[in-house]
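Good morning, colleagues. Please have the sequence and the structure before you.

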Amino acid sequence: MWKNYSKSYIKNNRASSISIMAAAFVATLFLSLICSTAYNFWAYDVEKILLEEGGWQGRIACETSNFDDRSEDHFLSLIGQFANVKKAVRNRELSQKGKIVVDVYFKNPRTIYRDMPLIAAQLGLTGDSIRYHSLLLSRYFIHDPKDENPPMLLALYVAILMIVAVSLMLIIRGSFELSMNARIHQFGIFSSIGASPKQIRACLLQEAMALSIFPILLGSMSGIFISFCVIKAINFFAADVSGRHEAVFQYHPSIFVATVFLSFLTVIFSAWIPARKLSRMTPLEAIRNTSGFLLKKKKHSRFLSYIFGIKGELAGNALKARKKHLRISFVSLTLSFLGFSIMLCFTALADISTGYTYFERYQDAWDIMITLKDTEISDFGLTDELQDISGIRETTVYQKAKALTFLPKRSQSGALLSLGGLGSISGTLNENGQFQVSAPIVVLDDKSFLNFCSQIGITPSLDGAIVLNQIWDSINSNFRYKKYIPFVKEDNSRTTLYKNEKSVKIPVLSYTQKSPMLREEYDNYALVHFIPLTMWNKTLREVCEEESNSYIRILSNGAANLSDLNGLEQKIAQLVSEQYVIESENRVQERLSNDSLIQGMVMIFGAFCVLLAMIGIANVFSNTLGFLQQRKREFARYMSIGLTPQEMRKIFCIEAFVIAGKPLLITLPLTVLFVQFAVTASYLDPMAFWPKAPVLPILIFEAAIVLFVALGFYIGGKRLLQCDLSEALRNDALV
């Protein structure tokens, strides 16, 4: 009997069945998409770590003098004999003469923090000789038990994923609850003729599973396909990003099993709660139920009644009675509106800010940049060969180093003292009453340094340093539009640099407010020194701490366009890469890559907002199409007091206006406040933002959602008015 009844109900109530299937499909699709995409992001992060740092889990370093008569092979075999060790491999890059470094791989890495100290103890080594690949281990949720503050970022992502999953479960539950509430009267009749609560619950759960099996499987597969498209889109938009390896779509069967299991569990849970509530009602309570939406307490919709009159009052009461069931639509549409508008405004602001601080600021400072990996400027010998390449106007090779200097108060400039001195802005005072100041060093090749001397109007010389004599006036300017004042008095002919208790005095050729044309951002409160390569090799190399990489800044001839710079970059890379490990980039391609990344971020996040809006729209269709029976009595009463079909259509229009308009009215002021806050916080000129404000895309997105909400109410209202509403005032049929 119950099986035939369920089939008959599903067949004769297609709108209600479709709404449940749609809710199950959308929720499962979203859950599958999020799980699959999150898994791919995690897998990509692990791949990146493996490529950059290797897949070792533990590392043991030992002096070869500790071997006694044992060979290195015997040392490796000793480590490999431990039960949990999968393999032990000698690290040839880190191993040096007199020292061996072994990378250890474990069968079960979760016990690594317990096993590594035991291995070291058995080998007669101390705890200082072992290292852990903490970054890789953390990606597998393996943390040092002694660490009081383990990294929790990945755990936070998982928690957010679980919150999203629970939110999606509520979508299915809402659809089942509405569908079952519409049938209270019918099941009251069944209960009166002997149906037990257990039989009613079994019937409803049977229907739920029958309606949800296909949508869950289809939603899971659709989510996987959309996730695949997301990864392809990311690769497309980030194809030109320097140093990035291409993401490969990956999917594990356990993700599919978990998605389907959670979805079926959600269906059972969502259907069981309202089914349990319905089965506990007494036959008399169920039969007397009017199957309509009623307010527990009369409330007036003053705003709607003031604008639309009695029709607005009726629409407002209907919305308030269904407030709980429409909550998903309201939250989803509000979040999609807000997320989409803020995302577009944020990317517009970020693009403007990047243009000001990077592309426009340095557009004349470089065309091509070459990074020489682990190469000192003294070891680079292709400067003349680079200059011989056709298309190159100017080449500068440089390296950066760190040093300190100490300034007494009397050495500070008058402009700085008028602001309260270095102590009011930055600097550390030592016991001698001097301020410790960072003194970064930029080592230029000799030819570039001599050219810089000519640019600032001094006699070219390789026997001294040029000091960038400026400090940011943070009191009278902001970081966006910086004003600089002289840092020190220009009466000292020598400067003293310190590093690691070593010091050196060097002559100062000149103080200047102008820096060389390099793509470098200097510290706001540092006294930058530019020195030639000859002086670096002669006096400073043994004192200061240089960075491991050197750089080549290249300016091209004529107007720089993409094809010319790509060709020139290829020639330079072909020459330099024969002897050095390099990374190269050009200015035009960098700008295009930046624009492509922003566009990709907008599309991916925009797609997320569209899916979020789909949840709200699906809930709207679920309420308007799936539960017409519940509103037949409501509109039959309206018809009995004289309302015409045209007036009832207006009630539907008002409801659609409120459902679509309320999120919009909430989003608009929040977006304006966000823009105002972001513009103020970033010290941007508001007039620089508004011409690039993404008004049209936001309007199109919001208009599309309003259109779909209106479509749902139009179809629902049309079907409702085509019914014989007078029949709704009579007793319900069983099916």
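Predicted model: local features only at pLDDT ≥ 70, side-chain atom pairs only at ≥ 80, totals over all residues.

With a relative accessible area of 47%, phenylalanine 657 is partly exposed, because it falls between the limits of 20% and 50%. Phenylalanine 657 also belongs to a nonpolar surface patch of about 600 Å², together with Phe303, Tyr306, Ile307 and Phe308. Which helix gives the most to this nonpolar patch? It is helix α11, spanning residues 302-308, with four residues.

I turn now to the aromatic pairs. How many does the structure hold? There are 15 aromatic pairs. One of them joins phenylalanine 228 to phenylalanine 249 in an edge-to-face arrangement, with 5.5 Å from centre to centre and 85° between the planes. Phenylalanine 228 is in helix α8, residues 197-237, and phenylalanine 249 is in the loop between α8 and α9 (253-279), so this pair ties together parts that are 21 residues apart in sequence. Phenylalanine 228 is partly exposed, at a relative accessible area of 32%. Phenylalanine 249 is likewise partly exposed, at 24%.

A further pair is formed by phenylalanine 380 and tyrosine 580; this one is tilted, with a centre-to-centre distance of 5.3 Å and an angle of 45° between the planes. Why does this pair tie together parts that are 200 residues apart in sequence? The reason is one of placement: phenylalanine 380 lies in the loop between β5 and α14, while tyrosine 580 lies in the loop between α18 (562-576) and β18 (582-586). Are these two residues buried or exposed? Phenylalanine 380 counts as buried at 8% relative accessibility, and tyrosine 580 counts as buried at 13%.

Ring pairs also link Tyr39, Trp42 and Tyr140 into a cluster.

Next, charges over rings. Arginine 59 lies over the face of tryptophan 56, and the distance from the ring centre is 3.8 Å. In the case of arginine 519, the charged end sits over the ring of tryptophan 366, at 4.6 Å from its centre.

Two backbone details deserve a place here. Phenylalanine 141 is not a glycine, yet its phi is positive, at about 60°. Phenylalanine 141 sits in the loop between α5 (134-139) and α6 (153-181), and it is partly exposed, with a relative accessible area of 40%. Aspartate 374 is the second case: here phi is near 50°, again a positive value in a residue other than glycine. Where is aspartate 374 placed? It is in the loop between β5 (368-372) and α14 (383-387), which is also the loop that holds phenylalanine 380. Aspartate 374 counts as exposed, at 65% relative accessibility, whereas phenylalanine 380 counts as buried.

Lysine 502 is partly exposed, with a relative accessible area of 45%. Setting aside residues up to four places away in sequence, what does lysine 502 touch? Its contacts are Leu497, Glu542 and Val543. Finally, the C-alpha atoms of lysine 502 and cysteine 544 are separated by 8.3 Å, and these two residues are 42 residues apart along the chain.

Thank you for your attention.

Terms used. Residues numbered from 1 in each chain as written. Heavy atoms only, no water. Buried < 20%, exposed > 50% of the residue type's maximum accessible area, 1.4 Å probe, protein only. Patch = residues over 30% accessible without salt bridge, like charges linked within 9 Å, V, L, I, M, F, W, Y side chains within 5 Å. Areas by Shrake-Rupley, 256 points an atom, 1.4 Å probe, with all protein chains shown as cover. Salt bridge = Lys/Arg side-chain N within 4 Å of Asp/Glu carboxyl O. Phe/Tyr/Trp six-rings, centres within 6.5 Å; stacked < 30°, edge-to-face > 60°. Lys NZ or Arg CZ within 6 Å of the ring centre and 35° of its normal. Contact = heavy atoms within 4.5 Å.
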